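Hi,

Here is the structure I promised to pass on.

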Amino acid sequence: MAEAYLSIFSGIGGLEHPKVAPLLYCERDEACQQVLSLTHPDVPICDDIRSLHSPPPADFVVGGWPCQDISSAGTLGGILGDRSGLFFEMLRTATAARAHTLIGENVPNLLTINNGRDFQTVIDTLVGAGYPFIGWRVLNARYFGLPQQRRRLFIVASSCRERAEAIHAALPESCSRGSKRDVYGFYWTGGKRSICFSRGYIPALKIGATDNKGRAPVAVMIDDHVRKLSARECLRLQGFDDLNHSHPRLAASTLLRMAGNAVPRPMGHFVLGAVTETAHFDGVREGFGLITEAGLYEDGWVWTINHAEPPLADNLHDFLDASSEQESLSSQAAAGLLVRSIRAEQPMPLQLYDLLFALASNREGKLWPSRANSFEALDALGDELSKYRAGLKPISDYQSAIEEEVE
Ligand SMILES: C[S@@+](CC[C@H](N)C(=O)[O-])C[C@H]1O[C@@H](n2cnc3c(N)ncnc32)[C@H](O)[C@@H]1O
């Protein structure tokens, strides 16, 4: 039986124990609250961490706090930013609840932003608040059988050495490899540095400017079909296979926002399971002094922890609905992606270029006035189109260009 915990910044409940519900949720978003109250109707929900002054006593306080000021795609205001600074509210809650352990989740960019000073602030503040043992580790959804390149940093701060060490437990053997068919994922919205075209998995789901309109930022290419992911597929790629069915009235844009924000469910289960059960330390202490992706702070020393790289899921095909159910990328979206990629000199595989070009050439049907200028911009590229195409490589030679721009 796991000990009692409070879930802060609960979202749709990705960071939870596999068998035990929290004593309390704290979540501001009304749609997320609806999901939480359907999943665990008996658990009370507080709607703002800043008003949670007398939390119930608990052993753990758990939460993935907002990353907008830390993410490399965000404001870079850092740990003292308005939203990412809510970390300090979570810490205040943990001490008020007299929790012996705090489990935090955020993007890996927290390790390096401001040349590491923000992470140093996090460690110093946790130690000062009575949590002298701190373990951290970057985990990837692909370690847990989900074909999504989503890397997240977990921090376990505790008054008990073994709890902090437990984040370095052995991973479950759950990885699925070997896709039945070649399926590719990429950002159709374009990326800052790359469209992250990848074979067998998708780049990280994220909350983009476009998803207010109910469109996922990620598209897939299956044979000669290019289409966006559906909200149901995005949730499945985060380990929430059932959510769309139990909440048929939530709009696609809401479901996509939830999916983009969530901790992948099997990842959350692993972390809470390991730390609440005080799982056995399974890393190797390699040396100290450097902040790396897996580490331990103990007795004033920082240890680098080495873990063997687990297999990475690449069975994207298993997570997709039959493509015949899904509409192609629109001609305007295809034109927009071509224009952005050519202007930014970001390559793509030749096959994708040809498919996008064919889509962009078919300009019939419903057109969005706001994006009609994608066609004008594409036509204005003239000779640049053939020059760009001549430099592209076939899929077999194309190097997958995953960059963690949404970290
Ligand atoms: C990164 S998401 C966490 C997602 C969650 N771990 C999951 O698996 O779905 C951060 C969450 O914090 C919530 N939030 C932001 N400010 C808050 C506040 N002041 N009080 C409570 N929740 C807040 C947001 O609505 C959002 O759902």
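Leaving aside neighbours within four places in sequence, Val156 is in contact with Thr101, Ile103, Ile134, Gly135, Arg163, Ala164, Ala166, Ile167 and Val275. Two residues are in contact if their C-beta atoms, placed from the backbone, lie within 7 Å. Val156 sits in strand E8 (residues 151-158). Helices (H or I, at least four residues) and strands (E, at least two) are DSSP runs, numbered from the N terminus. Is Val156 buried or exposed? Val156 is buried, because 27 other C-beta atoms lie within 10 Å. The cut-offs go like this: buried takes 20 or more other C-beta atoms within 10 Å of the residue's own, exposed takes 12 or fewer, and partly exposed is in between, with C-beta atoms placed from the backbone. Val156 and Leu296 are 140 residues apart in sequence, yet 9.4 Å apart in space, C-alpha to C-alpha.

A word on where this comes from: it's a predicted model, where local features need pLDDT of at least 70, side-chain atom pairs count only at pLDDT 80 or more, and totals for chains, interfaces and linings use all residues. Residues are numbered from 1 along each chain as its sequence is written.

Now the chain as a whole. There are 12 helices and 16 strands in it. Of its 407 residues, 48% count as buried. If you take the contacts between residues at least 6 apart in sequence, 70% of them join residues at least 24 apart.

Next, helix packing. Two packed helices are described by the angle between their axes and the distance between the axes. The axes here are lines fitted to C-alpha atoms, for helices over the stretch in contact, and angles run from 0 to 180 degrees between N-to-C directions.

How do H9 and H10 pack? H9 and helix H10 (residues 350-361) pack at about 130°, with their axes 7 Å apart. That angle makes H9 oblique to H10. For the words: under 35 degrees counts as roughly parallel, over 145 as roughly antiparallel, 65 to 115 as roughly perpendicular, and the rest as oblique. H9 passes H10 in a left-handed crossing. A crossing is left-handed if the near helix is turned anticlockwise from the far one by less than a right angle, and right-handed if clockwise. On the H9 side, Ser331, Ala334, Ala335, Leu337 and Leu338 make the contact, and on the H10 side it's Leu356, Phe357, Leu359 and Ala360. By class, the contact of H9 with H10 has eight nonpolar, one polar and no charged residues. Ala, Val, Leu, Ile, Met, Phe, Trp, Tyr, Cys and Pro count as nonpolar, Asp, Glu, Lys and Arg as charged, and the others, Gly among them, as polar.

H9 (residues 331-343) also packs with helix H11 (residues 373-380): their axes come within 8 Å and cross at roughly 45°. H9 and H11 are therefore oblique to each other, and H9 passes H11 in a left-handed crossing. Gln332, Ala335, Gly336, Leu338 and Val339 in H9 meet Ser374, Phe375, Ala377 and Leu378 in H11. The residues of this contact divide into six nonpolar, three polar and no charged.

Then there's helix H7 (residues 252-261). Eight of its 10 residues are buried, so H7 is largely enclosed by the rest of the structure. The buried ones are Thr254, Leu255, Leu256, Arg257, Met258, Ala259, Gly260 and Asn261.

Ala259 comes up again with Gly239: the two are 20 residues apart in sequence and 9.4 Å apart in space, C-alpha to C-alpha. Gly239 lies in the loop between helix H5 (231-236) and helix H6 (243-246). Gly239 is buried, with 21 other C-beta atoms within 10 Å. Apart from neighbours within four places in sequence, Gly239 is in contact with Leu146, Pro264, Arg265 and Pro266.

Two loop residues are worth a look too. Arg98, in the loop between helix H2 (87-96) and strand E5 (101-106), has a phi near 55°, a positive value in a residue other than glycine. Arg98 is exposed, with 12 other C-beta atoms within 10 Å. Thr278 has a positive phi as well, near 50°, and counts as partly exposed with 16 C-beta neighbours inside 10 Å.

Cheers
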